[in-house]
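Hi,

Here is the model I promised to pass on. Could you open it alongside the notes below and tell me what you make of them?

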Amino acid sequence: MLAATHLTRRFGTRVAADDVSFELAAGEIFALLGPNGAGKTTTLRMLAGLIEPSSGEVTVDGEAMTRTTAARLRSRIGFLTESPGLWDRLTVRQNLLVYARLHGLPAAERVVDAALDLFDIRDRARDAAAQLSKGLKQRVALARTLLHDPSIVLLDEPTSGLDPESARDVRSLVLRLREGKRAVLLSTHNLDEVERVADRVAVLRTRLVALDTPAALRSRLFGARVRVQLAGAAAGHAASLRRLGLSDIRVDDRTLSIAFDGTAFTTPRLVRHLVESGADIESVMAEEPPLEEVYMRLLQADAGTP
Amino acid sequence: MRRVAALLGKELADLRQNPAIVMPAVLTGGLSILLPFMVALVIPYVSGERLADSSDFKAAIEMYAAQPGSRGLDPEGAVQAWIFLQFLILLVMTPVAGSMAVAAYSVIGEKQARTLEPLLATPLTTTELLAAKVLGALIPSLALTIGCLVVYVAGVAAFARPGVFLVLLTARPLATVFVLGPLAALAALQLAVCVSSRVNDARSAQQIGALIILPISALLVAQLLGGIQLTMPLILLIATGLALLNLVLLRVAVALFDRESILTRWK
């Protein structure tokens with residue numbers, strides 16, 4: 001649906017994005033993670049046809065984004081900029097109407113009415129944008145981004161600066177986009193948000209450091225790990241497991257945290273062994289390190305630090 | 001064209017919500033109307049001296065005695081007609097000067113309010129964006145010019161010598177207001193929008209854009225000093241020059257409007 005192929009963008013001698021490639025599929029939420037200055041906004045702007053890559057190519061449904069095609073292809077893309085960018089003196093309705101007309105929608109008034117209902121902002125339609133809270137402004141901006149029913153949606157830090165409730169509202173709206181089979185690219189610093197909504201994650205630091213599903217990234221960096229809660233002390237059972245070749249075992253009172261990496265062990269086999277050795281198991285669960293840990297590990301590895 | 005109309009609608013709606021921005025233009029328009037009335041009517045009335053008695057206006061009396069539309073005027077009426085005609089160019093200039101603030105702020109204002117990037121993410125082309133911005137400043141400017149002209153002619157009809165107002169309704173003044181005025185305004189506002197898309201501070205844009213007032217002021221002074229007379233052929237010549245200048249300015253403005261610099265370098 002949307003493909004970035006070897007995208008590079010230089011500003012003078014500074015390289016803002018370097019050889020970035022990925023594809024975005026319909027019905028997918030793709031998160032672009034990275035520290036400040038990593039090139040996330042530059043990449044989004046190239047994808048939205050706002051700035052040209054120094055080299056590489058953006059294609060939308062197989063059609064290359066060029067100077068001549070950009071204006072037309074932009075109509076298939078909805079771009080939520082980092083700031084809501086509403087005209088403060090105009091009402092919510094006026095703001096949306098201008099954009100509906102800029103996109104050449106045939107029944108602009110009706111489309112705007114539908115958007116006001118969909119985003120639950122009809123009661124504020126006559127208010128000047130300046131009177132809205134930051135969360136509501138973001139909701140109006142999201143409504144504006146989707147007015148023309150784009151198949152590709154680019155969201156630049158959509159929950160930045162929002163209170164938790166407003167951020168949750170925006171997240172649920174983003175999840176609704178996936179249901180509509182749209183391809184969503186989400187640029188954010190918020191790892192919790194990525195955890196909740198993203199199907200795939202790309203970590204960017206000028207160039208792509210990693211790209212995969214959150215589960216695959218965890219598994220790649222931390223391996224498979226299970227946490228076993230016992231009814232009694234765990235230390236003795238840890239010793240017996242070590243004798244079987246499981247070397248990475250953490251013990252905390254009645255809890256065992258066991259890594260399977262490089263072994264033939266599986267969770268059923270582990271449970272069987274523990275039961276046979278007399279352990280009373282209360283619970284077993286796959287242990288997932290927070291995405292923040294995955295992210296930090298990826299950046300550290302990229303910087304060449306341990 | 002639909003997209004230009006959409007953005008133009010926004011510009012005019014924005015202006016309606018913030019009428020204070022055109023107040024300087026309204027005030028200067030008002031002053032431009034008052035000034036010739038002071039010179040032609042109030043000062044002679046207060047001083048008790050007729051303008052026609054002054055040797056300074058002999059040339060004006062002779063000139064107007066020979067011209068169609070003003071043959072029936074008495075000497076005082078001829079001088080009044082000359083004064084009201086000379087100051088007409090001020091009426092063309094002042095609303096433009098006022099609208100300069102709107103034009104100068106048009107692009108830099110969007111950038112500062114962080115509303116430009118979402119706008120550029122739509123299918124709107126650079127030419128459409130600039131056209132809407134220029135028209136958004138030009139339309140109020142022209143409306144104000146016409147409003148001022150109506151008040152001006154009505155004032156002359158009411159207070160000047162009988163028949164003087166008819167001189168203002170002849171081809172030359174009407175061409176000045178309705179041909180030269182819009183073309184000069186368009187050039188000035190295009191220049192201001194052009195500057196607005198290149199500087200990163202609205203004040204700079206306004207100050208640089210205001211330079212367009214200088215040639216119009218020079219024309220007024222040259223007229224008053226008798227160095228130049230705005231005859232119909234001269235009006236048409238200037239109008240042709242302005243039309244060409246507008247075409248060049250449109251191309252230059254589009255070429256100078258650098259989306260990338262605006263998005264990536266302006267803060």
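A:Thr59 has A:Ala64 as its bridge partner in S5(A). That bridge belongs to the pairing of strand S4 (residues 55-60) of chain A with S5(A), which is antiparallel and runs over 2 bridges. Strands and helices here are DSSP runs numbered from the N terminus (E, at least two residues, for strands; H or I, at least four, for helices), and two strands pair if DSSP finds at least two bridges between them.

Before going on, note that this is a predicted model: local features need pLDDT of at least 70, side-chain atom pairs count only at pLDDT 80 or more, and totals for chains, interfaces and linings use all residues. Residues are numbered from 1 along each chain as its sequence is written, while chains are lettered from A and ligands numbered from 1 in the order in which they are written.

Back to the sheet. It is open, with 4 strands in the order S2-S1-S4-S5 (chain A) and antiparallel pairing. Strand S2 (14-24) and strand S5 (63-64) of chain A are at the edges with a single partner strand each, so one side of each has no neighbour in the sheet. Helix H1 (residues 40-47) of chain A packs on this sheet and touches strand S1 (2-11), S2 and S4 of chain A. Contact means C-beta atoms, placed from the backbone, within 7 Å. The direction of H1(A) makes about 120 degrees with that of S1(A); axes are lines fitted to C-alpha atoms (for helices over the stretch in contact), and angles run from 0 to 180 degrees between N-to-C directions.

Chain A has another open sheet of 4 strands, ordered S12-S13-S11-S14 and paired antiparallel. Its edges are strand S12 (249-252) and strand S14 (281-286) of chain A, each with a single partner strand, so each has one side without a neighbour in the sheet. From one strand to the next the twist averages 15 degrees. S12(A) pairs with strand S13 (residues 255-259) of chain A over 4 bridges, antiparallel, and A:Arg250 sits opposite A:Ser257 in S13(A). Helix H10 (residues 267-276) of chain A packs on this sheet, touching strand S11 (225-230), S13 and S14 of chain A, at about 160 degrees to the direction of S14(A).

Then there's the hairpin. Strand S9 (residues 200-205) and strand S10 (residues 207-212) of chain A run antiparallel, joined by 5 bridges, and A:Arg205 has A:Arg207 as its bridge partner. With 1 residue between the strands, A:Thr206 takes a positive phi near 65 degrees. Is A:Thr206 buried or exposed? A:Thr206 is buried, because 21 other C-beta atoms lie within 10 Å (20 or more counts as buried, 12 or fewer as exposed, in between as partly exposed). Leaving aside neighbours within four places in sequence, A:Thr206 is in contact with A:Val15, A:Ala17, A:Asp18, A:Ala38 and A:Gly39.

Last, the chain contact: 26 residues come from chain A and 25 residues from chain B. On the side of chain A that touches chain B, helix H2 (70-74) and helix H3 (92-102) of chain A are the elements that give two or more residues. H3(A) provides the largest share, 5 residues. By class that side has 12 nonpolar, 7 polar and 7 charged residues; Ala, Val, Leu, Ile, Met, Phe, Trp, Tyr, Cys and Pro count as nonpolar, Asp, Glu, Lys and Arg as charged, and the others, Gly among them, as polar.

Cheers

Definitions and conventions. Contact = placed C-beta atoms within 7 Å.
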